Amino acid sequence: MAKTLLITYFGPFPGVSVNPSGVTARQVADVLADESAVRVVTREVPVSYAGSSEALGEMLTDIRPDAVLSLGVAVGRDKVSFERVAINLDSADIEDNDGVVRVDEAITPDGREAYFSTLPVRASYERLRGVGLPVEISYTAGTYVCNHVFYEVHRILERQGRRIPAGFVHIPATQVDHEPSDAQTTFTAHADAGGVEGELVPTLPEAVVARIVAELVRDTLKAHSCRRTGKTNESGG
């Protein structure tokens with residue numbers, strides 16, 4: 001029976017007029033469309049602290065996925081970043097799309113300090129780096145809505161009593177395949193949003209980014225299947 005994978009992505013937010021995470025989510029769904037092991041459901045999450053929490057609660061209840069992969073863009077990074085940890089903190093100088101600014105506020109005052117990704121981060125990173133793909137392990141998802149979503153997915157799943165693979169991937173700014181890799185001057189890199197501030201904005205081809213994310217999905221499904229059948233005791237990440 002096919003497993004259901006929920007891929008979440010974001011729309012525009014201050015400094016990012018076109019968010020490439022939506023294109024990546026749809027391209028990954030297309031790449032995996034012919035694979036019988038997975039059914040991909042893609043959903044946009046609002047770039048809003050409160051709105052994303054509400055939307056995620058509804059999605060995870062209604063869809064009941066077997067795995068969750070959340071995507072966001074970190075302008076200024078030059079690799080696809082497998083995020084390792086989400087912290088219980090909202091703190092950014094930029095507004096969310098509701099006009100809200102949060103500084104040094106806990107996502108959940110009585111919640112855990114952090115959650116770790118339960119995707120096979122280390123194994124996928126080593127495998128994909130070994131074939132020359134631009135990947136990295138990141139230990140900060142920023143303190144904007146990306147980190148918020150990463151944290152909230154794990155908190156909601158824990159509250160529901162569900163132990164499934166879940167994690168977050170930051171993609172860099174992307175370019176349409178076969179076009180020159182020019183700086184994306186319309187994008188603004190915000191460190192609070194997980195980005196790297198600088199004069200130039202590196203990009204990666206859309207197809208390369210989609211391939212990397214699809215490979216992470218395959219590794220996740222394989223690792224989860226092995227754990228369920230007792231073939232390995234390797235932990236995600």
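This talk goes through the charged pairs and the aromatic pairs in this structure.

What we have here is a predicted model, in which local features need pLDDT of at least 70 and side-chain atom pairs count only at pLDDT 80 or more, while totals for chains, interfaces and linings use all residues. Residues are numbered from 1 along each chain as its sequence is written, and side-chain values use heavy atoms, with hydrogens and water left out.

I will start with charge. A salt bridge here is a side-chain nitrogen of Lys or Arg within 4 Å of a carboxyl oxygen of Asp or Glu. The whole structure holds 12 of these salt bridges. One of them joins Arg77 to Glu83, with 2.9 Å between the closest N and O atoms. Both of these residues are buried, a word that stands for under 20% relative accessible area, with exposed meaning over 50% and partly exposed in between (1.4 Å probe, protein chains only).

Next, helix 3, residues 121-130. Helices (H or I, at least four residues) and strands (E, at least two) are DSSP runs, numbered from the N terminus. Within helix 3, Arg129 and Glu126 sit three residues apart, about one turn of the helix, and they form a salt bridge at 3.0 Å. Arg129 is partly exposed at 45%, and Glu126 is partly exposed at 36%.

Arg127 bridges to Asp219 at 3.1 Å, N to O. That pair links distant parts of the chain, since Arg127 is in helix 3 and Asp219 in helix 5 (residues 206-228), 92 residues apart. Arg127 is partly exposed at 36%, whereas Asp219 is buried at 16%. Both belong to a network of salt bridges that also includes Glu35, Glu215 and Arg218.

Now the rings. Rings of Phe, Tyr and Trp (its six-membered ring) pair if their centres lie within 6.5 Å; planes under 30 degrees apart are stacked, over 60 edge-to-face, and the rest tilted. The count is four aromatic pairs. Phe13 and Tyr144 have ring centres 5.7 Å apart and planes at 55 degrees, so this pair is tilted. Phe13 is in the loop between strand 1 (3-10) and helix 1 (21-31), and Tyr144 in the loop between strand 7 (135-138) and helix 4 (145-160), so the pair ties together parts 131 residues apart in sequence. Phe13 is buried at 10%, and Tyr144 is buried at 2%. Together with Tyr49, these two form one aromatic cluster.
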